[in-house]
Amino acid sequence: MTFSAADHAAMARALALAANGLCTTTPNPRVGCVLVRDGEIVGEGWHQRAGEAHAEVHALRAAGERAAGATAYVTLEPCSHFGRTPPCCEALVAAGVRRVVAAMEDPNPLVAGSGLARLRAAGIDTAHGLLESEARELNIGFISRMTRGRPWVRLKAAATLDGKTALANGVSQWITGEAARSDGHRWRARACAILTGIGTVREDDPQLTVRGVPCERQPLRVVVDARLEIGREARILQGAPVLIATAIEEGERAAELRAAGHEVLSLANEAGKVALPALLQALAARGINELHVEAGFKLNGSLLREGCVDELLLYMAPMLVGDSAQGMFNLSALTSLDQALRLDIRDMRRIGEDFRVLARLRA
């Protein structure tokens, strides 16, 4: 399929609109829609929150009667099923849209090509694949949940240039500067959930909330705590309920946490620790698309060893603290470089006085 420059421009606008829902649409995908008739944009919109109107409906409302004969550019295949809102493909048919261009097909098994098929059956010209890679990046977590049954896992760490996250005595605040910390909160805001371990809770007593940046809703906070050692006064237990993944079935502490409104989920593996892959599946079942990890080197290492990390978000501060300080990942010793975890650098930029590296684990 060949697309024109005008097609590219309209889809780029739809993607920009979709990005407005970066932090608000969970568990739904981020979707934008632009309606063009006779070379003019007559309506546009984006999906804002789950349970509310989808992008196509907002665009059709804005266009009114001018939607008839228009081309709809939508970043994700229009839905064809009844959820909390009616099917968007039926709204496009009823409005008399002439052509629909989708950036990508919907990976949701409830749609998976049926939306475009319904449009074609109604005599509407359809196409997909325009700026598909950009659309997939925007909804990388939703795609992961639909196709792999697990969230997209982004592991964030702040370290010195010699790869240390804390001094030998545990002091780590602050390795990176204010600009990097603020940037980290923006990545928190787009995530559906934030995960940490009991070691980090004990040593740093974090809140793990989004602060200092616009955020309409706080991500779910998840603590990996195999033996339910979390203290009653831990700051992470304040405010909204927390999900605590443990290896303990029942007990007084579990009952106490549940009575306080928190969820305790027992997922023990054969070693008596939390089964991390099973935890990812459980989070996907709760609609978690993107999981943001801020943990210590032990849990970081476990997640990497068990294949539970997709992407690294690393902030590197221009300082050196020496070999006695704590590293980023507790990984097994290697005997050959062929055993190393290989990364693809996706982005590298300066944030204040620090550097941010975004890298993905190679398959």
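Colleague: Parallel or antiparallel: how do strand 9 and strand 10 pair?
Modeller: Strand 9 (residues 220–224) and strand 10 (residues 242–246) pair in the parallel sense, over four bridges; a pair needs at least two bridges found by DSSP. R221 stands opposite V242 in strand 10. Strands are DSSP runs of E with at least two residues, helices are runs of H or I with at least four, and numbering starts at the N terminus.

Colleague: Before I go on, what am I looking at?
Modeller: This is a predicted model, with local features needing pLDDT of at least 70 and side-chain atom pairs counting only at pLDDT 80 or more, while totals for chains, interfaces and linings use all residues. Residues are numbered from 1 along each chain as its sequence is written, and side-chain values use heavy atoms, leaving out hydrogens and water.

Colleague: OK. What's the strand order in the nine-strand sheet?
Modeller: The order is 11-10-9-8-12-6-13-16-15, in an open sheet with mixed pairing. At the edges sit strand 11 (263–266) and strand 15 (343–351), each pairing on one side only. Neighbouring strands of this sheet are turned by 20° against each other on average, direction ignored. Angles run from 0 to 180 degrees between N-to-C directions, using axes fitted to C-alpha atoms, for helices over the stretch in contact.

Colleague: Which strands does helix 10 lie across?
Modeller: Helix 10 (residues 276–285) lies across strand 6 (152–160), strand 8 (193–197), strand 9, strand 10, strand 11 and strand 12 (290–293). Helix 10 runs at about 165° to strand 9. Contact here is heavy atoms within 4.5 Å.

Colleague: And the five-strand sheet, what order is that?
Modeller: That open sheet goes 2-1-3-4-5, with mixed pairing. Its edge strands are strand 2 (40–46) and strand 5 (125–128). The twist averages 15° from one strand to the next.

Colleague: How many bridges join strand 1 to strand 2?
Modeller: Six, and strand 1 (residues 32–37) runs antiparallel to strand 2. V36 stands opposite I41, and R37 stands opposite E40. The two strands form a hairpin with two residues between them, and D38 in the turn has a positive phi of about 55°.

Colleague: What lies across that sheet?
Modeller: Helix 1 (residues 5–18) lies across strand 1, strand 2, strand 3 (71–74) and strand 4 (99–102), at about 145° to strand 1.

Colleague: Switching topic: how is the protein split into domains?
Modeller: The domain assignment gives domain 1 (5–143) and domain 2 (149–361); bounds like these come from an automatic or database assignment. Their C-alpha centres lie 34 Å apart. 13 residues of domain 1 are in contact with 11 residues of domain 2.

Colleague: How many cavities of 30 Å³ or more are there?
Modeller: One, and the largest cavity holds about 80 Å³ of space. A cavity is a set of points on a 1 Å grid over the protein atoms alone where a 1.4 Å probe fits but cannot get out, and lining residues have an atom within 4 Å of a point. Points join across faces, edges and corners, and the volume is the space filled by probe spheres set on them.

Colleague: Why does it lie between the domains?
Modeller: Because domain 1 and domain 2 both give residues to the lining of the largest cavity. The lining has 18 residues, with T25, N28, R30, C192 and N289 nearest the centre. Helix 6 (residues 140–148) gives the most, three residues.

Notes: On a 1 Å grid over the protein atoms alone, a cavity is a set of points where a 1.4 Å probe fits but cannot get out, and a pocket is an open set with protein on both sides within 12 Å along at least five of seven lines; lining residues have an atom within 4 Å of a point.
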